[in-house]
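Subject: Structure handover

Hello,

Here is the structure for you to open. My notes follow below.

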Amino acid sequence: MGMTKSNKLSQKAVIKQIMKRCSSLGKKQGGYENDEGLPLDVPKGHFVVYVGENRSRYILPISILTRPEFQTLLRRAEEEFGFDHDMGLTIPCEQHVFESLTSMLR
């Protein structure tokens with residue numbers, strides 16, 4: 001099952017959007033959110049994903065975005081939920097599987 005050009009563009013766009021958001025994170029300005037409404041507990045160079053039935057929150061380094069295994073998860077997320085999220089991506093994956101995968105990728 002090949003990836004179409006439109007899927008590639010969508011995935012590239014979301015990676016670019018995540019990286020843009022990450023460039024402004026980590027600036028402690030007081031309160032829970034920064035000027036862009038993003039949580040202050042996300043360090044610069046990281047982004048948030050939500051995984052599993054309970055939507056457990058994970059903070060990941062942006063370097064993981066280039067890994068083919070994570071890009072597969074991004075494609076699944078796009079198919080199931082789309083990429084229009086304000087605070088983080090929702091990944092359609094069981095929590096224990098996600099934890100196992102990301103522990104190998106870091």
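Which backbone oxygen lies 3.3 Å from a polar atom of the side chain of T102? The backbone oxygen of E99 does.

First, the ground rules. This is a predicted model, in which local features need pLDDT of at least 70, side-chain atom pairs count only at pLDDT 80 or more, and totals for chains, interfaces and linings use all residues. Residues are numbered from 1 along each chain as its sequence is written, and side-chain values use heavy atoms, with hydrogens and water left out.

T102 sits in helix α3. Helices (H or I, at least four residues) and strands (E, at least two) are DSSP runs, numbered from the N terminus. T102 counts as buried because its relative accessibility is 5%. Buried means under 20% relative accessible area, exposed over 50%, partly exposed in between (1.4 Å probe, protein chains only). Neighbours within four places in sequence aside, T102 contacts L60 and I64. Contact means heavy atoms within 4.5 Å.

The hairpin

Strands β1 (residues 46–51) and β2 (residues 56–61) run antiparallel, joined by 6 bridges. Strands pair if DSSP finds at least two bridges between them. The two form a hairpin with 4 residues between them. G52 in the turn has a positive phi of about 85°. F47 stands opposite L60 in β2.

Y58 is in strand β2. Y58 has a relative accessible area of 14%, so it is buried. The side chain of Y58 makes a polar contact with the side chain of E99, at 2.5 Å. A polar contact is a pair of N or O atoms within 3.5 Å; within protein, one must be able to donate a hydrogen and the other to accept it, and residues adjacent in sequence count only if both atoms are side-chain atoms. Y58 also touches F98. These two are 40 residues apart in sequence and 9.9 Å apart in space, C-alpha to C-alpha. Contacts of F98 beyond four places in sequence include V49, F70 and I91.

The core

The largest nonpolar core has 18 residues. Such a core is a set of buried Ala, Val, Leu, Ile, Met, Phe, Trp, Tyr and Cys residues joined through side-chain atoms within 4.5 Å. F47, V49, F70, I91 and F98 have the most contacts inside it. β1, β2, α2, β3 (89–91) and α3 each supply at least two residues of this core. The largest share, 4 residues, comes from α2.

Best wishes
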